[in-house]
Amino acid sequence: MGFPPPTQIKTPPPLPSWLALIQSPFTIPNVAYCAYAFSSPQETELQSMIDSHFPDFQFPAHLKTAVFKRKLHYFLGRACVAQALEQLGHPRVQIETNPDRSPKWPSGILGAVTHTDRLVMTAVTASTHFLGIGIDSEEMSRTTPIEEIAKTFADEHEKQLIHHANLPLKTWLFLIFSAKESLFKALYPIKGEYFGFESARVVSISPDQKMELPSSGSFCIQLTQPKNGFPQGTVFKGLYQVSQSQVHTWIGIPQ
Ligand SMILES: CC(C)(COP(=O)(O)OP(=O)(O)OC[C@H]1O[C@@H](n2cnc3c(N)ncnc32)[C@H](O)[C@@H]1OP(=O)(O)O)[C@@H](O)C(=O)NCCC(=O)NCCS
């Protein structure tokens, strides 16, 4: 009786020139991350990436007629999820989308997806470790200055915390916004209860003692109303990283 044949190790095809795997801003035990930076591919270049890297991939019905940019973001998010799932030892499957637009995670898995015009990032973990996780990235080069719309997502208490944040006002406002988006992604899927920006407040920020960019730190965000099974006053901890042009946040709700 001979030895069984050696397991074939499949080397994935190289990434196209418009796409690059980048380091994720956070390292959290038991969480697998994947992040891609991308430029502006043509539709044919995206299709060729799908054919070579994810040939079984199908756009969901609601995106079949979506604009190219949305399809690009969605596909890269799903490709990133597949890669992160592999790191967890989970099969590289396509994650579908629920009617409420949240990702339909396989049993025992949960995660979060974020995209900007330049990057897509995903975190996945086993539900034995977390009740919910959220990540969010914001590009600070918006056409509408964030200062003009800040009152729609931040209150005076939060704005005053800038004195502890050691950040420019614009970055601080994006951080508040991003922290709330991360909280929503972590909390909403637990019971499916929608909540708006007035339902949570960033109550503290602790920057790491590093002066140059990218800088990072932690924050706490508190529910001002009971939501998704958590009472009013519950405090969630989060992490952030900011650079000259981007803000990233992470929130994990441990089991
Ligand atoms: C859902 C929402 C948070 C997405 O954030 P965004 O900045 O618009 O976009 P991002 O690129 O960061 O994230 C998009 C991803 O969020 C995920 N997502 C969408 N709806 C979701 C939901 N209900 N629950 C969890 N994740 C959701 C999806 O994975 C989506 O990517 P995909 O469609 O490619 O799968 C945002 O659109 C929203 O509805 N916000 C209002 C609710 C809110 O933030 N309340 C504040 C609470 S304090």
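Two strands count as paired here if DSSP finds at least two bridges between them, and the strands themselves (E, at least two residues), like the helices (H or I, at least four), are DSSP runs numbered from the N terminus. By that rule, strands β10 (residues 235-242) and β11 (residues 246-254) pair in the antiparallel sense, with five bridges. Within this pair, Leu239 sits opposite Trp250 in β11. All of this comes from a predicted model, in which local features need pLDDT of at least 70 and side-chain atom pairs count only at pLDDT 80 or more, while totals for chains, interfaces and linings use all residues. Residue numbers start from 1 along each chain as its sequence is written.

The β10/β11 pair belongs to an open sheet of five strands, ordered β7-β11-β10-β9-β8, with antiparallel pairing. At the edges are β7 (130-139) and β8 (200-207), each of which pairs on one side only. On average, neighbouring strands of this sheet are turned by 20 degrees against each other, direction ignored; axes are lines fitted to C-alpha atoms, for helices over the stretch in contact, and angles run from 0 to 180 degrees between N-to-C directions. Helix α6 packs on the sheet and touches β7, β8, β9 (215-223), β10 and β11. Its direction makes about 150 degrees with that of β7. Contact here means that the C-beta atoms of two residues, placed from the backbone, lie within 7 Å.

Now for the other strands. Strand β2 (residues 31-38) is largely enclosed by the rest of the structure, because seven of its eight residues are buried. Buried means 20 or more other C-beta atoms within 10 Å of a residue's own, exposed means 12 or fewer, and partly exposed is in between, with C-beta atoms placed from the backbone. β2 runs antiparallel to β1 (residues 19-21), joined to it by three bridges, and Leu21 faces Tyr36 across that pairing. Seven bridges link β2 to β6 (residues 119-126), again in the antiparallel sense, and there Tyr33 stands opposite Ala123.

The largest nonpolar core holds 55 residues, and Cys80, Ala84 and Leu183 touch the most other members. Such a core is a set of buried Ala, Val, Leu, Ile, Met, Phe, Trp, Tyr and Cys residues joined through C-beta atoms within 7 Å. Helix α6 (residues 169-191) supplies the largest share, eleven residues. Domain 1 (19-127) and domain 2 (136-254) each contribute at least three residues to this core, the bounds coming from an automatic or database domain assignment. Leaving out residues up to four places away in sequence, Ala84 touches Ala32, Tyr33, Cys34, Thr122, Ala123 and Val124.

Helix α6 turns up again around the ligand, giving the most to the shell with seven residues. The shell has 24 residues, the closest being Ser102, Val113, Thr114, Lys180 and Phe184; a residue belongs if its C-beta atom, placed from the backbone, lies within 6 Å of the molecule. α2 (68-87), β5 (109-115) and α6 supply at least two shell residues each.

Most residues other than glycine have a negative phi. Arg101 is exposed, with 7 other C-beta atoms within 10 Å. Asn166 also has a positive phi, about 60 degrees, without being a glycine. Its place is the loop between α5 (162-165) and α6, where Asn166 is partly exposed, with 16 other C-beta atoms within 10 Å.
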